[in-house]
Amino acid sequence: MSSLASLHQKILQHLSSQSFVAAHPMVVSLIQTSEHDTFYLAEGYFFLGIINSELGQFNKAVQCLEKAVSVQPSSEYFAYIAKCYALLGDTNRAMAAVDSVRLEQLNEPNALDTIGVALSRIGFHDQALTFFTKAISLNKTRPLYYYNYGMSLKFAGQFEAASVAYKNVLKLAPNHAPTHFALADLGGATVDENNISTLQAMLDKPDLPVDDRMHLAHALALELQQIGQHESAFAALISAKAEKANTLNYTIDDDIALFSALQNGALVNSNTPSGCPSERPIFIVGMPRSGTTLVERILSHHSQVGSGGELQDFGVAVKELTQTPGLKVLDIPTIEAAHTLDMTELGEHYITKTQRIAPSDARFIDKLPFNFFYIQLIKAALPNAKVIVMLRDPMDTCVGNFRQLFSLNSPYYNYAFHLETVGEFYCQFRQHIDFVKRVYGDGIYIQDYQTLVKEPEKQVRELLAYCNLPYEAQCLSVETNTLPVSTASKVQVRQPINTSSIGRWKKFGKATQPLYDILHAQGIV
């Protein structure tokens, strides 16, 4: 075996054991000593890209991976480029990388799984299934292949197949906590048939990693709710979420400062004649668990409307143009720097980034709830875009946020680990929406969830009129909308419009009183 081949093999062993720091100097040496060997030179840049990706340095990873494909194009390299761009929220470039992959020639299961994950992250779940299926056909021993496959199946509405995939995970890895949560999330627990004792036993194990505890506690809470034990379910969440909160460097003051920065006068000049004239985007914003997915399902059932789901592209566009330092897409320096942007350039940049979203439809939906932070910028950069703000009963919204298992490593959901901080965050949100409504008036549309589900036809007619769309009765039949759903409402929104979620917070008893007190003190309830 040559010295390059030997070094290459050692690097692979380090990467396989996730010894990324130890692998780094070896990779640098491989690049330096393989100047005239295109295979090992490309592999060196590829490995450097993987290391940067695993360390969260996705922009650096892309640079290394692009260098690898410039030396020697490879479907495996493009797979990881797609992953990085998906994690950076760049739909166009992620899809361009996927387009460069030749599925019939790619027989490396990790790369196939990586492409599936990238496609799933940017909302192309149906396309992701093809890659997951081939990965599993090549290697049936990797639990994560089945788990990722199951997630895309669930988002695509194939719940029975998703259940089978999850059960395959547990055959290989019985203690895989995210899978226990995913199974519970499908529903179906009864008093006679449930996993409550199994989940409780797993939670009782000493030295359980805090993120595993979060998944298992949420799984337990879901099954307890399904058999009517709501107060016990809430107690399980309070305990686990408090433990997770103790690991975070967070106070509600962080978010209060962020909301305060939004009210800077430089962002709210609604009379500035600038911006990109495109009428394609329809933004649906609001607190998570407020009904944004329901409105997306209503509008995307219209013959002229497609959906991109929860797109990161507007926030990423702002970050790219402001060029502020730091890994957070949204922070105070970025908000302040955004004041000086050319709004036409910002709008055009967003439209370019989203050109692959529903290209055959006249309009497309961007329903990232937290885009409410960008309402002023959206109105300035895309003055003809429609902005729909969802409002739901404050107690239902806040309890829904507390009950939801959001991304455990995203700083944007740090407020959701204590009921009190959920309430304080919601108060800031409502003040912000009241503020932008005063500024833009009818330029934004407030949709009340309770009114929508109680009188859907009247509300849908008015919603479509705001969007300059003709009425189509099919919009009321959300249960027949076959588009994938990658949000917490993926099961619920495949049912007909109904009122069953109104007042659900009351089932959780006295434990919700601290939240009520906070909202009452602000005159919200």
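# Helices and a sheet, by question

Me: In this predicted model, which residues of helix 3 does helix 2 meet?
Reply: On the helix 2 side, the residues in the contact are Phe20, Ala23, His24, Val27, Leu30 and Ile31. Across from them, helix 3 brings Tyr40, Leu41, Glu43, Gly44, Tyr45, Phe47, Leu48, Ile51 and Glu54.

Me: And by class, what does that contact have?
Reply: Take the contact of helix 2 with helix 3 class by class. There are two charged residues and two polar ones. The nonpolar count is 11.

Me: Are helix 2 and helix 3 roughly parallel or antiparallel?
Reply: Helix 2 covers residues 20-33 and helix 3 covers residues 38-54. Their axes are 9 Å apart, and they pack at an angle of about 155°. Angles over 145 degrees count as roughly antiparallel. So helix 2 and helix 3 are roughly antiparallel.

Me: How far apart are the end C-alpha atoms of residues 143-176?
Reply: Start with residues 109-142, a span with 79% helix and 0% strand, whose end C-alpha atoms lie 10 Å apart. Residues 143-176 are likewise 79% helix and 0% strand. For residues 143-176, the end C-alpha atoms lie at a distance of 9 Å.

Me: How do helix 7 and helix 9 run, roughly parallel or antiparallel?
Reply: Helix 7 is residues 109-121, helix 9 is residues 143-155, and their axes are 10 Å apart. The packing angle is about 30°. Angles under 35 degrees count as roughly parallel. Helix 7 and helix 9 are therefore roughly parallel.

Me: Which residues of helix 9 meet helix 7?
Reply: The crossing of these two, helix 7 and helix 9, is left-handed. Helix 7 puts in Pro109, Asn110, Asp113, Val117 and Ser120. From helix 9 come Leu144, Tyr145, Asn148, Ser152 and Phe155.

Me: What angle do helix 9 and helix 11 cross at?
Reply: Helix 11 is residues 177-185, and its axis comes within 11 Å of that of helix 9. The crossing is left-handed. Tyr147, Met151 and Lys154 of helix 9 make the contact with Pro178, Thr179, Ala182 and Asp185 of helix 11. As for the angle, helix 9 and helix 11 cross at roughly 25°.

Me: Which strands stand at the edges of the sheet?
Reply: Five strands form an open sheet with parallel pairing, in the order 2-3-1-4-5. An edge strand has a single partner strand, so one side is left without a neighbour in the sheet. The strands at the edges are strand 2 (305-307) and strand 5 (445-448).

Me: What stands opposite valine 285?
Reply: Strand 1 (residues 281-286) pairs with strand 4 (residues 386-391) in the parallel sense, over five bridges. The residue in strand 4 that stands opposite valine 285 is valine 389.

Me: Which strands does helix 24 touch?
Reply: Helix 24 is residues 456-466, and this helix packs on the sheet. The direction of helix 24 makes about 165° with that of strand 5. The strands touched by helix 24 are strand 4 and strand 5.

Note on methods
Residues are numbered from 1 along each chain as its sequence is written. This is a predicted model: local features need pLDDT of at least 70, side-chain atom pairs count only at pLDDT 80 or more; totals for chains, interfaces and linings use all residues. Side-chain values use heavy atoms; hydrogens and water are left out. Axes are lines fitted to C-alpha atoms, for helices over the stretch in contact, and angles run from 0 to 180 degrees between N-to-C directions. Helices (H or I, at least four residues) and strands (E, at least two) are DSSP runs, numbered from the N terminus. Angles under 35 degrees count as roughly parallel, over 145 as roughly antiparallel, 65 to 115 as roughly perpendicular and the rest as oblique. A crossing is left-handed if the near helix is turned anticlockwise from the far one by less than a right angle, and right-handed if clockwise. Contact means heavy atoms within 4.5 Å. Two strands pair if DSSP finds at least two bridges between them. Ala, Val, Leu, Ile, Met, Phe, Trp, Tyr, Cys and Pro count as nonpolar, Asp, Glu, Lys and Arg as charged, and the others, Gly among them, as polar.
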